[in-house]
Amino acid sequence: MSADRSPTRPDPRPVLASAELARAFTIASFAAVFGASAIRGLTGDVTYATVLTGLCALGVAMLIVRRREIEVLHLAPTTLVVFVVWAGASVLWSTDAARTAVGWAGLVGVSFLGVVIGHVRDAHQSVRALGDVLRWLLAASLALEVLSGILWDTPIPFLGIRGDITELGPVQGLFGSRNDLGVVTVIALLTFLVEWRTRSVRPATAAASVVLSVGLALLSGSPTVVLVAVVTAVAAAALAAVRTLTPRRRRAAQLTLGVAVLAALALACAQRAAIASALDGRDDLSLRTDLWGEILRFSDDSPVHGFGWFGPWPPDTAPFSVLNFGLDQQHASALNAYLDVLLQLGWAGLLVFLVLCALALARAWLVAGERRAVVHTWAPLTLVALLTVSLFESSVLSGAGLLLLVLCAVRAGQSRSWRERLGDRAAPAPGVATGGADAQGRPDGAG
């Protein structure tokens, strides 16, 4: 008599560990975060929060299945963890604890997606997925602008599209504002050029993508796009020059370049009015400087720990409501990521944020200078664009800007961090065979 056989349950682990699911997760995460404005406009904040929650739950399951591949110390940069913890701790002194908790949940959710992508996809795969998503979103933005401004001749208010394409802009596309569209087009142009150089897509597709991003950048009419594009182009030229040097000369060049960057930042700060005038944005700068002056004044009331983390400003919560009332304006951010962090998390939070950004950029830059593959240039140049636009927008503190910042920081930390040196010290002495290397210390299968 045969023994009873219990029905076998399907094992989800192969699916959760598969490359196909990792690719789908990456594309879905990029699409959700970059399309956040459209999702909110169509279905509301609850739908967007639900999508993020579902993606984070899937990300947790994927990391659990891949736990043998990932060390806890390598999961996320220490500075990112400290920043997130400090933002969460601000609920203790926040002016509105409930909204701080909601804002912190958004910070954790988007940051976690960036961490997961950084571990389940390599640099080339991440850039490829981002390129696909941005291609579709920019094409859809152009199509809707044409539909609104030419065929229908009426705005699409729930998407924030005003239909001004017949007047050559400014247009907003699916991103809610012309400045957000402008920043996305710069990131997209950089991504498409890397795809072109690495031959990830057909030349015709790459060329059409570049034309699309440049065209929408011009139609956005954002005064910050010109500055971000110029700074990123200069950084790209400098990085290309560094990559041609020998290792011995590269170190001196990197040091000289670092000093030059600091000097350029000081000069740009001193000549900011002239720069704004050249970009035809004097009125915009005046509005911003008035806001920045008030933020600095308010920050003196809580200089060390700030007023609590909220992310985008809730309009009816102090100190943001008081700031807007005093200026007789309606701002949803500080229009400067660094001052936004100062206002919400104080000098302690700003210091951690600056260290996070500086380490991510330095590590990514050094990796790109040493490694020959063009795809490694994407992270440092993306960080240059994000940190430059952070002087005029706070987009890097939430949504797509935060996702890219975290992804670049995780990617750079995987190659250059104190954890890597710690692992090197713990490695067996040369000549001692291990399960993952041959007698010469090369990985299994290395030629």
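Guide: Let's start with Thr224, which counts as buried because its relative accessibility is 5% (buried is under 20% relative accessible area, exposed over 50%, and partly exposed in between, using a 1.4 Å probe and protein chains only). Before going on, keep in mind that this is a predicted model, where local features need pLDDT of at least 70 and side-chain atom pairs count only at pLDDT 80 or more, while totals for chains, interfaces and linings use all residues. Residues are numbered from 1 along each chain as its sequence is written, and side-chain values use heavy atoms, with hydrogens and water left out.

Thr224 sits in helix H10, residues 223–243 (helices are DSSP runs of H or I with at least four residues, strands are E runs of at least two, and both are numbered from the N terminus). Its side chain makes a polar contact with the side chain of Ser222, at 2.9 Å (that's a pair of N or O atoms within 3.5 Å; within protein, one must be able to donate a hydrogen and the other to accept it, and sequence-adjacent residues count only if both atoms are side-chain atoms). Setting aside neighbours within four places in sequence, Thr224 is in contact with Asn179 and Phe392 (contact is heavy atoms within 4.5 Å).

Now for helix pairs. H5 (residues 78–89) and H15 (residues 337–370) have axes that come within 9 Å and cross at roughly 170° (axes are lines fitted to C-alpha atoms, for helices over the stretch in contact, and angles between N-to-C directions run from 0 to 180 degrees). H5 and H15 are therefore roughly antiparallel (over 145 degrees; under 35 is roughly parallel, 65 to 115 roughly perpendicular, and the rest oblique). Among the residues touching here are Phe83 and Trp86 of H5 and Leu345 and Phe353 of H15. The H5–H15 contact has 13 nonpolar, two polar and no charged residues (Ala, Val, Leu, Ile, Met, Phe, Trp, Tyr, Cys and Pro count as nonpolar, Asp, Glu, Lys and Arg as charged, the others, Gly among them, as polar).

Over at H2 (residues 19–34) and H4 (residues 45–65), the axes are 11 Å apart at an angle of about 155°, which makes H2 roughly antiparallel to H4. Residues making this contact include Phe25 and Ser29 of H2 and Tyr48 and Met62 of H4, and the contact divides into 12 nonpolar, two polar and no charged residues.

Last stop: Gln414, in helix H17, residues 399–415. At 29% relative accessibility, Gln414 counts as partly exposed. The C-alpha atoms of Gln414 and Ala364 are separated by 9.8 Å, though the two residues are 50 residues apart along the chain.
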